[in-house]
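Subject: Structure handover

Hi,

Here is the structure I promised to pass on. Please open it before you read further.

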Amino acid sequence: MTLSAPQSTRPRSSGFFQPLPVDLQTVVFCHLTSFQDVLGLASTCRQLRDVWLKGLTTIYKHVAKRNITCERHARCLLADQGGPPPEAGIQSASNVYQMMRNQNMVYKAIAQFASAIVSKVRTHGLRAAEYYGPGVDSHPPYLTRTERPRFIRSYYRLWGLLSIENIEQRQARLQSLSLKQLLYLCEISWLPHGMGPGEYLNPETEAMVLQQRIQAREKLSQWILQHTESTYQRIHGQDMELIWVIAMDEGYGDFLVMWDHWHNSLKEVVCGRWATEPPYKKELHLELWEESPNEEE
């Protein structure tokens with residue numbers, strides 16, 4: 001009896017791709033659904049690794065559309081971390097690895113946020129079914145498809161601000177944000193310790209360094225709130241209402257403005273302005289809402 005040789009467990013991608021010209025190999029990379037798949041394919045042989053590295057800019061543009069949520073904001077954070085500016089192309093594989101690590105941190109924060117906060121959100125006095133589906137009487141225990149990008153964009157913004165050491169640059173970044181964006185950012189800056197960006201990047205960080213990072217985020221959070229209040233005062237000519245106290249039964253803890261069921265109320269906060277003449281009603285200036293760029297990418 002003749003025994004056949006055991007089948008090799010080594011990926012055979014190299015032999016399959018070898019007859020293909022480099023341009024077609026690059027196209028195959030571009031059609032992969034994630035950078036995990038890209039790196040997996042590139043790791044099968046030296047030839048495909050070279051295709052990946054030489055075609056990195058083109059491959060990134062295609063795969064990032066499907067794999068990097070809120071990519072423009074992810075690129076801004078990468079730039080704050082020392083990477084290329086958002087308007088420039090991705091320049092190295094290390095840039096992609098850093099963005100993957102950053103996104104994994106964001107996804108981890110989302111999972112923690114869902115467990116600690118989202119599952120406890122209240123909708124007192126509001127009809128949840130209008131926002132979350134027929135027969136639903138409360139917020140779902142996860143971020144919805146519209147709440148999730150709000151969280152991600154604001155998380156990247158906060159992380160970027162923490163990465164900027166120059167005070168003037170931080171101030172300029174805050175001044176570039178609309179009132180709506182600032183209100184979202186306020187809440188993200190109040191994330192419980194352990195969920196905030198830049199705190200647990202290194203599990204072996206000494207306690208003193210970790211405490212310094214926590215204090216830095218608390219200080220930045222106070223600065224963001226002060227800037228938000230001054231922005232409201234500049235736009236509306238009056239102090240901002242204590243919305244997190246007034247509507248405390250319509251969210252959970254300090255988290256209110258990001259929920260879908262509070263969307264219309266947030267619009268009133270951002271755009272509402274009391275008339276200066278009788279009958280002194282509150283008028284909505286929707287141009288203040290529309291000033292914010294479309295951020296649903």
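Below is what was found, from the whole chain down to single residues.

Overall picture

This is a predicted model. The mean pLDDT of the chain is 86, and 86% of its residues reach 70 or more. The stretch to treat apart is residues 1-13, where the pLDDT is below 50. Beyond near neighbours in sequence, that stretch has five contacts in the model.

The secondary structure comes to 15 helices and two strands. The chain has 297 residues, and 44% of them count as buried. Take the contacts between residues at least 6 apart in sequence: 66% of these join residues at least 24 apart. The accessible surface is about 16800 Å². Carbon and sulfur atoms hold 52% of that area.

Around α2

Which residues of α2 are buried? They are Gln 25, Thr 26, Phe 29 and Cys 30. Seen down the axis of α2, its buried residues fall within an arc of 145°, so they line one face of the helix.

There is also a nonpolar patch on the surface, formed by Leu 20, Leu 24 and Val 27. Together these three have about 220 Å² of accessible area. Leu 20 sits in the loop between α1 (13-17) and α2 (22-30). Its relative accessible area is 31%, so Leu 20 is partly exposed.

Ile 68

Ile 68 lies in a loop too, between α5 (56-67) and α6 (71-80). Is Ile 68 buried or exposed? Its relative accessibility is 7%; the cut-off for buried is under 20%, so Ile 68 counts as buried. Leaving aside residues up to four places away in sequence, Ile 68 touches Phe 35, Ala 74, Met 99 and Gln 103. Gln 103 is 35 residues from Ile 68 in sequence, yet their C-alpha atoms are 7.5 Å apart.

Ile 224

Ile 224 belongs to helix α12 (residues 207-236). Its relative accessibility is 0%, so Ile 224 counts as buried. What does Ile 224 touch, not counting residues up to four places away in sequence? The list is Leu 158, Leu 161, Leu 174, Leu 182, Leu 185, Cys 186 and Ser 189. Gln 171 is 53 residues from Ile 224 along the chain, and their C-alpha atoms are separated by 9.5 Å.

Best wishes

How values were computed
Residues numbered from 1 in each chain as written. Predicted model: local features only at pLDDT ≥ 70, side-chain atom pairs only at ≥ 80, totals over all residues. Heavy atoms only, no water. Patch = residues over 30% accessible without salt bridge, like charges linked within 9 Å, V, L, I, M, F, W, Y side chains within 5 Å. Areas by Shrake-Rupley, 256 points an atom, 1.4 Å probe, with all protein chains shown as cover. Salt bridge = Lys/Arg side-chain N within 4 Å of Asp/Glu carboxyl O. Helix = DSSP H or I, 4+ residues; strand = E, 2+ residues; numbered from the N terminus. Buried < 20%, exposed > 50% of the residue type's maximum accessible area, 1.4 Å probe, protein only. Contact = heavy atoms within 4.5 Å. Arc of directions from axis to C-beta. pLDDT = per-residue confidence, 0-100.
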